Amino acid sequence: MNGLNTVLIVLGLFLAGGVYSFQKQKMPKSVIVLLALGSAMCLAAGILRIQGIWE
């Protein structure tokens, strides 16, 4: 696991926390959806890089 994998996974988890926080604060749905998509993409990229599927 190299630095970029770690950054992607940490960023994905950070964004996931933002989704939860924004949802509790009743923020606009569009912001929540954008954060959720960003979180999912970061986590998926980090996991794919760890598995060696995406370089």
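**View 1. Buried residues of helix H2 in a predicted model.** In H2, the buried residues (under 20% relative accessible area, with a 1.4 Å probe and protein chains only) are Ile32, Leu35, Gly38, Ser39, Cys42, Ala45 and Gly46, and they pack against H1, where a contact means heavy atoms within 4.5 Å. The model is predicted, so that local features need pLDDT of at least 70 and side-chain atom pairs count only at pLDDT 80 or more, while totals for chains, interfaces and linings use all residues. Residues are numbered from 1 along each chain as its sequence is written, and side-chain values use heavy atoms, with hydrogens and water left out.

**View 2. Buried residues of helix H1.** Asn5, Leu8, Ile9, Gly12, Leu15, Gly18 and Val19 are buried in H1, and their cover includes helix H2 (29-51). An α-helix has 3.6 residues a turn, so residues three or four places apart point the same way.

**View 3. Helix lengths and the residues that follow.** Helices are DSSP runs of H or I with at least four residues, numbered from the N terminus. H1 (residues 3-24) reaches 32 Å from its first C-alpha to its last, close to the expected 32 Å, the expected span being 1.5 Å times one less than the number of residues. H2, with 23 residues, reaches 33 Å, close to the 33 Å expected. Just after H1, Lys26 takes a positive phi of about 60°, and just after H2, Gly52 takes a positive phi of about 80°.

How values were computed
Helix = DSSP H or I, 4+ residues; strand = E, 2+ residues; numbered from the N terminus. Buried < 20%, exposed > 50% of the residue type's maximum accessible area, 1.4 Å probe, protein only.
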